[in-house]
Amino acid sequence: MSTLSPLTLYLAAPRGFCAGVDRAIKIVELALQKWGAPVYVRHEIVHNKFVVDGLRDKGAVFVEELDECPDDRPVIFSAHGVPKAIPAEARRRDMVFVDATCPLVSKVHVEAERHHAEGLQMVMIGHAGHPEVLGTMGQLPQGEVLLVETVADVAGVVPRDPARLAFITQTTLSVDDTAEIVAALQARFPAIIGPAKEDICYATTNRQAAVKAIADRIEALLVIGAPNSSNSRRLVEVGSAAGCAYSQLVMRADEIDWRAIEGARAVGVTAGASAPEVLVDEVVDAFRQRYDLTVELVETALERVEFKVPRVLREA
Ligand code: 0JX
Ligand code: SF4
């Protein structure tokens, strides 16, 4: 008989890699195959140290700005998107570049441009300083996109013309918090136009719904993801908001605070869109070493989304 305490681990699904992350990582791998090392990558291709370290070992060089790249090596733009000025500068320098912006982020870029072409000023719901927000705001001239982060920020929006406004959102926000911000915008600017709900992507939506589905069965939630990963941090918040007293982000198993979950009989595990499944396996194994473990998969949606890599890399 086992002397270990019993514990059930509820594994949320969907979790982990989304189609945009899968494609972005493939782009770097194929670029290394096609052009050899070094291949430069502007910003972490996705917000995960394990992924970035693995690609660095294969010859990728991660930089924050284009001016850190030589003219004569290929450069990849991260999944989060880039301001229009970046590819423009790469073209000016005659560089080979591949844009790994997720197609669902690019869709928001196109939306912003379309509204701008119709003479509308934009309100973007998102987090200041996040690369996706910088990239999306950077599709339009300065002053054309006003950023709001919270319901309280809505009161401070000073548009050129309150009747000529549209809104867009970051793709990785909390579905529930964003609904409140959209409602506040619509209450203050009844003429504002926007997407049916917001621009939060299927992967973000599904991962948050999966956390909600296990929240009432668990005493603690561990979200595998990085501190700079917006979608992962939102999963932690969703866990807390759904009543989970201990909801914690961990990059990998060695960050688990075992004392904090001492006594728990049911723990939930999920992973942000940029966290590889191998790190989920690592966490499950760490539990198996300490507990008489039962693993239960709770699957709330099936994802079949796949994105093709750019043509230039297809034959690589
Ligand atoms: O910080 P984010 O959630 O936007 O990015 P991360 O963690 O790299 O996730 C994948 C890329 C998401 C882009 O929308
Ligand atoms: Fe694309 Fe959504 Fe994944 Fe971001 S989280 S890369 S928008 S699928």
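The model is predicted, so local features are described at pLDDT of at least 70 and side-chain atom pairs at pLDDT 80 or more, whereas totals for chains, interfaces and linings use all residues. Residues are numbered from 1 along each chain as its sequence is written, chains are lettered from A and ligands numbered from 1 in the order in which they are written, and side-chain values use heavy atoms, with hydrogens and water left out.

An oxygen atom of ligand 1 lies 2.6 Å from a polar backbone atom of Ser230, a residue found in helix H9, which spans residues 230–241 (helices, H or I, of at least four residues and strands, E, of at least two are DSSP runs, numbered from the N terminus). Side chains take part as well: a polar atom of Ser274 is 2.7 Å from an oxygen atom of ligand 1, and for a polar side-chain atom of His80 the distance to an oxygen atom of ligand 1 is 2.8 Å. The protein covers 96% of the 360 Å² of accessible area that ligand 1 has on its own (areas come from the Shrake-Rupley method with a 1.4 Å probe).

The space taken by ligand 1 is the largest cavity. On a 1 Å grid over the protein atoms alone, a cavity is a set of points where a 1.4 Å probe fits but cannot get out, and its lining residues have an atom within 4 Å of a point; a molecule sits in a cavity if more than half of its atoms lie within 2 Å of its grid points. An unreviewed UniProt entry places the feature "binding site" at His47, His80, His130, Ser229, Ser230, Asn231 and Ser274. From this set, the lining of the largest cavity takes in His47, His80, His130, Ser229, Ser230, Asn231 and Ser274. UniProt annotations may be inferred rather than shown by experiment.

Ligand 2 has Cys18, Gly20, Cys102, Leu104, Val105, Thr171, Cys201 and Tyr202 around it, a shell of six nonpolar residues, two polar and no charged. The space taken by ligand 2 is, again, the largest cavity. The "binding site" annotation in the unreviewed UniProt entry also covers Cys18, Cys102 and Cys201. Cys102 itself is found in the loop between strand E5 (97–99) and helix H4 (103–117).

Finally, some backbone details deserve a look. The peptide bond from Ala13 to Pro14 is cis, with omega near 0°, and Pro14 lies in the loop between strand E1 (6–13) and helix H1 (19–35). Ala37 and Pro38 are also joined by a cis peptide bond, with omega about -5°.

Note on methods:
A polar contact is a pair of N or O atoms within 3.5 Å; within protein, one must be able to donate a hydrogen and the other to accept it, and residues adjacent in sequence count only if both atoms are side-chain atoms. On a 1 Å grid over the protein atoms alone, a cavity is a set of points where a 1.4 Å probe fits but cannot get out, and a pocket is an open set with protein on both sides within 12 Å along at least five of seven lines; lining residues have an atom within 4 Å of a point. A residue is near a molecule or strand if one of its heavy atoms lies within 4 Å of it. Ala, Val, Leu, Ile, Met, Phe, Trp, Tyr, Cys and Pro count as nonpolar, Asp, Glu, Lys and Arg as charged, and the others, Gly among them, as polar.
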